[in-house]
Amino acid sequence: MSAPVSDADVRPPSMRPAAAPAGSGPVGVVGPLLAVLLLALGVLLVRDALVTAGTVSGSAWLPAVVDGLRGTGPAGWLVPAGAVVVLVGLWLVVVALRPRSRRTLPLTSDTGVFLHVRDVARLAAGAAGDVDGVLDASASATRRKVTVTVSGTAAAGLREDVTEAVTERLAALASAPRVSVLVRTPEESS
Amino acid sequence: MSRSVVGLDRVLTLLAGLLVVAAGAAVAAWGGGWLVQVWAAAPRTLQLRTASDAFSASWWPWAAGAAGVVAALLALWWLLAHVPRNRVGDLPLRGSGRGGRLALDPSGAAATAADVLAATPGVRSASSRVVRERGSLVVDVSATVEPTADLTAVVVAADAVTADLRQVLGRDDTRARVRLGVARRARRQRRVS
């Protein structure tokens with residue numbers, strides 16, 4: 001007699017997983033901003049060229065800026081102003097060198113299924129809120145740790161119950177984050 | 001955003017950052033009177049004669065115009081590089097020949113797959129798109145699940161849906177990515193009278 005055939009046996013293989021989604025980080029915003037600045041510089045140069053050539057009426061802006069700066073000497077306020085400019089430049093360097101942001105966690109699956117850490121926190125808060133004795137629950141998460149804060153009617157056993165519920169809700173994650181539970185009772189709140 | 005565009009952004013942002021750091025340090029050092037200690041010929045006051053001479057030269061309008069056009073074109077190309085263009089058109093199917101060409105719009109099949117996934121208990125909605133990433137065809141499905149959803153059941157449904165889609169597309173080189181989002185609040189259940 002042959003073995004019974006389950007759905008999993010007859011199901012065709014799933015698609016291979018694609019790479020985990022990764023955000024571009026702040027450089028994805030700074031890059032286009034610099035492009036807009038470069039475009040503005042180009043427009044300014046073309047305008048000044050047309051004004052100088054007499055094609056467009058008006059006064060050129062670059063010579064006006066240079067005239068305004070002429071005769072400027074060292075001044076105390078230039079020190080903090082230069083320091084601010086240095087800080088802006090350092091921020092740009094940090095943005096350029098920062099790795100792409102990975103804020104998702106894979107789930108145990110044949111194909112690539114991913115959950116954002118923000119959604120891990122929502123699931124954890126939802127699981128904690130369903131536990132008997134929990135009045136209110138909130139959670140925050142990173143790729144390694146989930147912190148759940150609950151307020152309950154009594155502290156006895158509540159931490160264990162919430163930890164168990166959250167761990168169970170997040171069991172589908174390929175690498176389960178550590179669960180940390182903070183319990184606040186009405187006595188502590190008041 | 002493709003990796004090459006992000007790489008371009010990184011290189012140009014790094015260059016801009018280093019330039020800004022150098023400019024800021026020079027301004028602060030000049031303002032504090034320390035620049036002359038490292039550069040004896042540092043100006044006591046700004047004269048900017050080179051710039052003034054350039055503005056009055058006959059070649060200035062041509063040079064400024066050419067530089068401006070090049071800068072504007074580069075900026076436009078840089079901006080347009082950020083516009084995603086990785087959508088996939090019709091895919092050829094086996095059986096195409098002299099009598100005709102068989103093709104499949106993968107977005108239609110992927111949309112049906114998303115609809116099937118959306119019918120899974122605990123899944124509120126789902127949508128999909130087919131894109132090309134690093135030379136591979138990728139079906140990217142986004143689904144919103146209820147905060148109370150059974151994730152394991154949703155994953156099983158996602159695996160089944162992509163398996164069916166693989167058969168429909170008839171291609172082994174296709175990859176899948178299912179992004180699950182969790183709704184802020186659970187949807188109220190309808191009261192049964």
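Helix α6(B) provides four residues to the lining of the largest cavity, which is the largest share. The model is predicted.

**The largest cavity**

- The count of cavities of 30 Å³ or more comes to one, and the largest cavity holds about 30 Å³ of space.
- Its lining is made up of B:A113, B:L117, B:V141, B:A158, B:V161, B:T162, B:L165 and B:V178.
- Two helices of chain B, α5 (106-118) and α6 (151-169), each supply at least two residues of this lining.
- By residue type, the lining of the largest cavity has seven nonpolar residues, one polar residue and no charged ones.

**Helix α6(B)**

- The helix has 19 residues, and the distance from its first C-alpha to its last is 26 Å. This is close to the 27 Å expected at 1.5 Å a residue.
- At the N-terminal end, B:D150 caps α6(B). A side-chain oxygen of B:D150 lies 3.1 Å from the backbone nitrogen of B:T152.
- Just after the helix comes B:G170, with a positive phi of about 65 degrees.
- Buried residues in α6(B) include B:L151, B:V154, B:V155, B:A157, B:D159, B:A163, B:R166 and B:L169.

**B:R177**

- B:R177 is part of strand β5 of chain B, which covers residues 174-182.
- B:R177 counts as buried because its relative accessibility is 3%, and buried means under 20%.
- A polar atom of the B:R177 side chain lies 2.8 Å from the backbone oxygen of A:A19.
- With neighbours within four places in sequence left aside, B:R177 is in contact with A:A18, A:A19, A:A20, A:P21, A:G112 and A:F114 in chain A. In chain B, B:R177 is in contact with B:E133, B:V138, B:V139, B:D140 and B:V141.

**B:L48**

- B:L48 sits in the loop of chain B between α2 (35-38) and α3 (49-56).
- Although B:L48 is not a glycine, it has a positive phi of about 55 degrees.
- Its relative accessibility is 29%, so B:L48 counts as partly exposed. That class lies between buried, under 20%, and exposed, over 50%.

Notes
Residues numbered from 1 in each chain as written. Chains lettered and ligands numbered in written order. Predicted model: local features only at pLDDT ≥ 70, side-chain atom pairs only at ≥ 80, totals over all residues. Heavy atoms only, no water. Buried < 20%, exposed > 50% of the residue type's maximum accessible area, 1.4 Å probe, protein only. Polar contact = N/O pair within 3.5 Å; in protein donor to acceptor, adjacent residues only side chain to side chain. Contact = heavy atoms within 4.5 Å. 1 Å grid on protein atoms, 1.4 Å probe; cavity = no way out; pocket = protein on both sides within 12 Å on 5 of 7 lines; lining within 4 Å. Points joined across faces, edges and corners; volume = space filled by probe spheres on them. Nonpolar A, V, L, I, M, F, W, Y, C, P; charged D, E, K, R; others polar. Expected span 1.5 Å × (residues − 1).
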